[in-house]
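Hello,

Here is the structure for your files. My notes follow below it.

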Amino acid sequence: MTLKDCTLTPTTNTVPFVSSIFHPSDFSKSSDLAFAHALAIALFRKTELVMMHAGGDRIGDWAQFPPVRKTLENWQVLAPGSPRSAVYEKLSMSVTKVSAKGNPVEASIRQIEKQKPDLVVLATRGRRGLPLWLKPSIAQAIARRTSAMTLFVPSGCRGIVSMDGDIQLKRILLPLDHQPDPQEAVVRAVRAAEVFGEEAVEIVILHVNGDKLPQYARPQTQVCSWKELRREGEVAATILDLANNTDLIVMATEGRHGMIDAMRGSVTERVVRGAPCPVLAVPAA
């Protein structure tokens, strides 16, 4: 399935997947896949996408940013040679590019405070490490400023969206525990399936080290099938063992403490470090 096919029949939900997206970029090839995911979500939801680069010597060097119109043309959702205005006029989406001097983390915090996005899309180094802003020295500062969902896209992973505009979402792994409250993560997993799933998307509910599954309500949907698994073992390792045939992992985090702060040293952080696919971290309601 391609993005062109999906945009012909957009879905409508009572709970939108997102309404505002923030994507910081370091202009590296390793961040291209994260950019593709951020742009595709903005395209599907006809929403706001703010892309930011900070830390360079020059402000306003727009040529270094990932090429939005060229990418949309390659995905065949814009005609070749379309003007800049076509992104909004034809696709009803807003893309803003922001550049700033100084520390990238501080600049990102300022943008998050100003924009108040409900989704942050981050490129990660995959199995080699997390982005700079998950380091303990700055995690607390960011945690106080956002309760947004965060989509981590490991460099070189098999993404939901490819740079060519191909989409694959057939299986979502959803590890649940009694705490934090898993319901918001369940809802967001279903919304992701409705946005990106071509046919029936299997949502695999996983509970590790417990006889009784956490309580959760299944949202009404026509695109998802459900499977429940119980496993014993080290939690992060068990999740990663099941992730090899998974297109997306969705995990709940402790929202009241801030998403990033809750992740530091947590199961979610260890899963993000080792995941072969994107990971969506969802703060509990």
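Helices here are DSSP runs of H or I with at least four residues, numbered from the N terminus. Glu194 sits in helix 7 (residues 183-196). This is a predicted model: local features need pLDDT of at least 70, side-chain atom pairs count only at pLDDT 80 or more, and totals for chains, interfaces and linings use all residues. Residues are numbered from 1 along each chain as its sequence is written, and side-chain values use heavy atoms, leaving out hydrogens and water.

Glu194 is buried, because its relative accessibility is 12% (buried: under 20% relative accessible area, 1.4 Å probe, protein chains only). Its side chain makes a polar contact with the side chain of Arg191, at 3.1 Å (an N or O pair within 3.5 Å, one able to donate a hydrogen and the other to accept it).

Next, the cores. A nonpolar core joins buried Ala, Val, Leu, Ile, Met, Phe, Trp, Tyr and Cys residues through side-chain atoms within 4.5 Å. The largest has 58 residues; Leu72, Trp75 and Phe196 touch the most other members. Helix 2 (residues 32-45) gives the most to this core, with 11 residues. Another core, of 28 residues, lies apart from it and includes Val50, Leu206, Leu242 and Ile249.

Then the cysteines. The disulfide count is zero (cutoff: sulfur atoms within 2.5 Å). The closest cysteine sulfur to that of Cys157 is in Cys277, 7.0 Å away, so too far for a bond. Cys157 is buried, with a relative accessible area of 13%. Cys224 is also buried, with a relative accessible area of 13%.

Best wishes

Note on methods:
Helix = DSSP H or I, 4+ residues; strand = E, 2+ residues; numbered from the N terminus. Buried < 20%, exposed > 50% of the residue type's maximum accessible area, 1.4 Å probe, protein only.
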